[in-house]
Protein chains: 2
Amino acid sequence: MDGVKRTRLSPEERRAQLIGLGVRMLADRPLEQISVEDIADQAGVSGGLLFHYFASKHDFHLAIVRHTSEEMLAATAPNPDLEPLEILRDATASYVNYVSENRGTYLPLLRGTASSDPDMREVCEETRTEMVRRVVEHLPSLGIEPTSRTELPVRGWIAFVEETTISWLHRPQLSRDELIDLHVAALTSVTDSVESARALSG
Amino acid sequence: MDGVKRTRLSPEERRAQLIGLGVRMLADRPLEQISVEDIADQAGVSGGLLFHYFASKHDFHLAIVRHTSEEMLAATAPNPDLEPLEILRDATASYVNYVSENRGTYLPLLRGTASSDPDMREVCEETRTEMVRRVVEHLPSLGIEPTSRTELPVRGWIAFVEETTISWLHRPQLSRDELIDLHVAALTSVTDSVESARALSG
């Protein structure tokens with residue numbers, strides 16, 4: 001790709017442009033290999049100007065991961081015009097599509113949940129908390145009344161969905177529809193399990 | 001801790017000692033902050049000798065992660081003297097105990113599954129594959145016949161167990177027994193889901 005000509009952009013537009021370039025670069029190399037100089041070159045700005053928008057390389061990387069997180073959450077937002085079970089199915093299908101189309105940018109986000117960098121962990125933790133909140137909020141319409149014990153299996157279910165989606169991209173043992181059916185069926189199962197586990201222990 | 005006196009050890013004992021020191025250091029700092037010099041000091045050997053056992057810092061880190069992986073697999077090995085459902089329960093309980101007692105060393109292993117370092121990913125991938133193999137092998141005794149479609153939900157279940165265990169360590173919303181009951185109940189649910197999902201799609 002040719003370097004972009006130096007053009008007059010508002011600070012917000014410039015910031016968005018720089019993040020966008022970072023996100024595109026993530027498609028073919030890991031976050032830690034994206035240099036500030038490469039981005040500045042592509043954007044037709046100086047490295048110094050880039051540091052005007054992002055205090056450090058770390059800040060820039062954080063902005064890229066935050067952008068990916070927001071984009072994924074927007075792509076998987078529940079569609080209130082559908083029936084309850086279809087809302088879940090549609091959001092899960094959107095998640096599978098998003099991960100399929102954005103492996104390069106999404107995998108670093110997942111990696112971030114276990115990152116040794118506390119800022120990165122925080123962004124990833126916030127993303128996961130929002131996913132959990134959405135699912136828990138939706139459960140009553142599926143006939144499942146959330147209790148204080150529901151959050152844990154829902155968090156586990158999200159890890160289940162992430163792992164099976166990534167694993168499926170590498171080795172598709174099921175059709176795409178079957179994968180989504182598995183996600184939908186597993187949510188009811190695991191939220192039910194916590195209550196039956198309680199009954200067993202009680 | 002005082003530096004260990006320089007003593008005559010066989011090459012294998014020395015190697016094991018160095019890995020053991022690395023593992024203990026992981027309890028209070030991330031892998032990337034463990035320097036070869038610190039380890040050499042503690043073991044009472046020169047940095048040069050350490051490089052005689054491990055070709056590079058990267059190799060040394062890999063050996064630490066491999067050791068943790070083997071230790072976790074040994075700690076969670078199925079006990080054939082128990083009844084089938086108890087084997088699963090016992091292995092899951094051992095997993096929860098292992099993670100509780102070894103957070104510092106185990107979390108970097110989990111992090112490794114999404115690491116940008118291919119060697120690290122391979123060790124973690126092998127560990128996960130062995131966990132999946134054990135679970136799939138055990139399913140028939142629980143009345144579940146594995147098919148080519150079973151591996152994916154089992155991999156997802158392992159991610160479910162990891163995530164709920166780590167999350168539970170931070171915020172225990174359930175008792176330890178309830179957590180283990182949840183793990184046990186979830187395995188049957190998700191392996192069943194893939195077959196019911198198939199029936200739905202078919």
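A salt bridge is a side-chain nitrogen of Lys or Arg within 4 Å of a carboxyl oxygen of Asp or Glu. In this predicted model, B:R149 and A:E178 form such a pair through their side chains, with an N to O distance of 2.3 Å.

**Fold and confidence of chain A**

- Chain A contains nine helices and zero strands, and from the N terminus on its elements follow the order α-α-α-α-α-α-α-α-α.
- Of the 202 residues in chain A, 50% are buried, and the accessible surface of the chain comes to about 9,700 Å², with 51% of that area belonging to carbon and sulfur atoms.
- Among the contacts in chain A with a separation of 6 or more, 65% are between residues 24 or more positions apart.
- The mean pLDDT of chain A is 84, and 87% of its residues score at least 70; among the elements of this chain, helix α5 (residues 84-101) has the highest mean value, 95, whereas helix α6 (residues 103-112) has the lowest, 69.
- Where pLDDT is low, the predicted coordinates should not be read in detail.

**Annotated region**

- An unreviewed UniProt entry carries the annotation "DNA-binding region" for residues 35-54 of chain A.
- In the model, this span of chain A, residues 35-54, is 75% helix and 0% strand, and its end C-alpha atoms lie 13 Å apart.

**Salt bridges**

- Over all chains, the structure holds 24 salt bridges.
- One of them pairs A:D181 with A:R89, whose closest N and O atoms are 2.3 Å apart; because A:D181 lies in helix α9 (residues 176-201) of chain A and A:R89 in helix α5 of chain A, the pair ties together parts that are 92 residues apart in sequence.
- With a relative accessibility of 12%, A:D181 counts as buried, whereas A:R89, with a relative accessible area of 22%, is partly exposed.
- Another salt bridge links the side chains of A:E137 and A:R133 at 3.0 Å, N to O, and since these two residues are four residues apart in helix α7 (residues 118-138) of chain A, about one helical turn separates them.
- A:E137 is exposed, with a relative accessible area of 58%, while A:R133 counts as partly exposed at 41% relative accessibility.

**Buried packing**

- In soluble globular proteins, nonpolar side chains tend to be buried together.
- Here the largest nonpolar core has 62 residues, and among them A:W157 and B:W157 touch the most other members.
- Apart from neighbours within four places in sequence, A:W157 is in contact with A:L88, A:T92, A:V135, A:H183, A:A186, A:L187, A:V190 and B:F160.
- In chain B, B:T127 is found in helix α7 (residues 118-138) and counts as buried because its relative accessibility is 5%, where the cut-off for a buried residue is under 20%.
- Not counting residues up to four places away in sequence, B:T127 touches B:S69, B:M72 and B:L73.

Methods: Residues are numbered from 1 along each chain as its sequence is written. Chains are lettered from A and ligands numbered from 1 in the order in which they are written. This is a predicted model: local features need pLDDT of at least 70, side-chain atom pairs count only at pLDDT 80 or more; totals for chains, interfaces and linings use all residues. Side-chain values use heavy atoms; hydrogens and water are left out. Buried means under 20% relative accessible area, exposed over 50%, partly exposed in between (1.4 Å probe, protein chains only). Contact means heavy atoms within 4.5 Å. A nonpolar core is a set of buried Ala, Val, Leu, Ile, Met, Phe, Trp, Tyr and Cys residues joined through side-chain atoms within 4.5 Å. pLDDT is the predictor's confidence in each residue, from 0 to 100. UniProt positions are given in the numbering used here, feature names are shortened, and annotations may be inferred rather than shown by experiment. Accessible areas come from the Shrake-Rupley method with a 1.4 Å probe; for residues, only the protein chains shown count as cover.
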